[in-house]
Amino acid sequence: MYDLIIIGGGPAGLAAGIYAVRSGLDTLILERSEISGQISMADIVENYPGFPSITGVELMEKYRTHAQEAGVKTRITEVISVRTEGAKKIVSTDSGDLEAKALIIATGANPKNLGVPGEKEFVSKGVSYCAICDGPFFKNKTVVVVGGGNSAVTDALFLSKIAQKVYLIHRRDRLRAAKILQDRVSATPNIELILNTLVLEIAGSKEGIKKVEKIILQDLNSKEIRELYTNGIFIYVGIHPNTEFVNVEKNSEGFIKTDRWMETSEKGIYAAGDCSDTLIWQLVTAVRDGAIAATAANEYIETLK
């Protein structure tokens, strides 16, 4: 039996692991793939204290190296479910059951789908959810970014350095992104902002080489429907938490509710990072959550002795 099992190896999970082993806990981090953490997909991170500018991949590598040197153990496996049996927490995985005195859920969240015709059909054929992953395929081409938050605007700016033309489409009358990012969009000549507009459909060739060719738009004010020709569409309309496997109290969108110590409705189970119900989903808050959850878990484990 481990003292603590952490499910998820992103910033929140790794921070929790570092704090846990420094407290003397026998700790295991479970991760379903070698590539973990949404931040790994970020081109440039500029709002994490101590690093004025660093790539997401570089920052994640620093997290991993720190955790390994601290003595955090990791295992690649898929978690199926978790349950409580007396004072034990049972984690069922695709390679068998594991036991721990306490758990931290740090499984993050995944991008939401736009939910329009053609989206699933053209995934990886012009539809993308990650500019740093797929942006280089659109060198000197025309692309569309859908969304109005920090992620959408940041990736529109990233794509503007690669693509010939970037359309930034948002359904509301103003962007939600930080002002500094909005100012950069205004100062970027090959980004065109289209507000009060919905994407109704993604269309393209279905014979031979399948690829996106255009999108169908509707102006929410005039109700006019028009076509916009594009080579690709990058979608940023929110995130969905990876919390289906754990039965604790959640909000209406599936994010785990916690108290100020990051404890869930189940004693001895904690949540940290993007899977939790929080005001903002940022690196700095994920790391903070992980540190608090590990400290609280250590105090809980002490009560079991």
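Student: Is Met262 buried or exposed?
Tutor: Met262 is buried, because its relative accessible area is 4% and the cut-off for buried is under 20%. Keep in mind that this is a predicted model.
Student: Thanks. And where in the chain does Met262 lie?
Tutor: Met262 belongs to the loop between S16 and S17. Its phi is positive, about 70°, although Met262 is not a glycine.
Student: Which other non-glycine residue has a positive phi, then?
Tutor: Asn140 is one, with phi near 60°. Asn140 lies in the loop between H3 and S9. At 53% relative accessibility, Asn140 counts as exposed, whereas Met262 is buried.
Student: Back to the S16 to S17 loop. What about Glu263, buried or exposed?
Tutor: Glu263, which lies in that loop between S16 and S17, is buried, with a relative accessible area of 12%.
Student: What is Glu263 in contact with, leaving aside its neighbours within four places in sequence?
Tutor: With those neighbours left aside, Glu263 is in contact with Lys257, Thr258, Gly268, Ile269 and Tyr270.

Student: Switching to aromatics. How many aromatic pairs does the structure hold?
Tutor: There are four aromatic pairs. One of them is formed by Phe138 and Phe234, which are edge-to-face, with 5.5 Å centre to centre and 75° between the planes.
Student: Which parts does that pair of Phe138 and Phe234 tie together?
Tutor: Phe138 is in the loop between helix H3 (131-134) and strand S9 (142-146), while Phe234 is in strand S15 (residues 232-235), so the pair connects parts that are 96 residues apart in sequence. Both Phe138 and Phe234 are buried.
Student: And how are the rings of Phe255 and Trp281 arranged?
Tutor: Their centres are 5.0 Å apart and their planes are at 35°, so this pair is tilted. Phe255 sits in the loop between strand S16 (239-241) and strand S17 (269-271), and Trp281 in the loop between S17 and H6, 26 residues apart.
Student: Which rings link into a cluster?
Tutor: Tyr48, Phe51 and Tyr63 do, through ring pairs. Another ring to look at is that of Tyr167, where the charged end of Lys165 sits over the ring, 5.3 Å from its centre.

Student: Now the nonpolar cores. Which residues touch the most other members of the largest one?
Tutor: That core has 36 residues, and Leu4, Val45, Tyr63 and Ile104 touch the most other members. Strand S1 (2-7), helix H1 (11-22), helix H2 (56-70), strand S6 (96-105) and helix H6 (283-303) each supply at least two of its residues. The largest share, nine residues, comes from H6. Apart from this core there is another, of 21 residues, including Ala156, Leu168, Ala177 and Ile191.
Student: What does Val45 contact, leaving aside its neighbours within four places in sequence?
Tutor: Among its contacts are Ile39, Phe51, Pro52, Leu59 and Leu283.

Student: Last topic, sheets. What is the strand order in the open sheet?
Tutor: The order is S8-S15-S9-S10-S11, five strands with parallel pairing. Strand S8 (127-128) and strand S11 (191-194) stand at the edges with a single partner strand each, so one side of each has no neighbour in the sheet. S9 and strand S10 (residues 165-169) run parallel and are joined by five bridges. Val146 stands opposite Ile169 in S10.
Student: Which helix packs on that sheet?
Tutor: Helix H4 (residues 150-160) does, touching S9, S10, S11 and S15. The direction of H4 makes about 170° with that of S10.
Student: And where is there a hairpin?
Tutor: S12 and S13 form one, with five residues between them. Gly208, in the turn, has a positive phi of about 70°. Strand S12 (residues 197-205) and strand S13 (residues 211-219) run antiparallel and are joined by eight bridges. Leu198, for instance, has Gln218 in S13 as its bridge partner.

Key:
Residues numbered from 1 in each chain as written. Predicted model: local features only at pLDDT ≥ 70, side-chain atom pairs only at ≥ 80, totals over all residues. Heavy atoms only, no water. Pairing = 2+ DSSP bridges. Helix = DSSP H or I, 4+ residues; strand = E, 2+ residues; numbered from the N terminus. Core = buried A, V, L, I, M, F, W, Y, C linked by side-chain atoms within 4.5 Å. Buried < 20%, exposed > 50% of the residue type's maximum accessible area, 1.4 Å probe, protein only. Contact = heavy atoms within 4.5 Å. Phe/Tyr/Trp six-rings, centres within 6.5 Å; stacked < 30°, edge-to-face > 60°. Lys NZ or Arg CZ within 6 Å of the ring centre and 35° of its normal. Axes fitted to C-alpha atoms, helices over the stretch in contact; angles between N-to-C directions.
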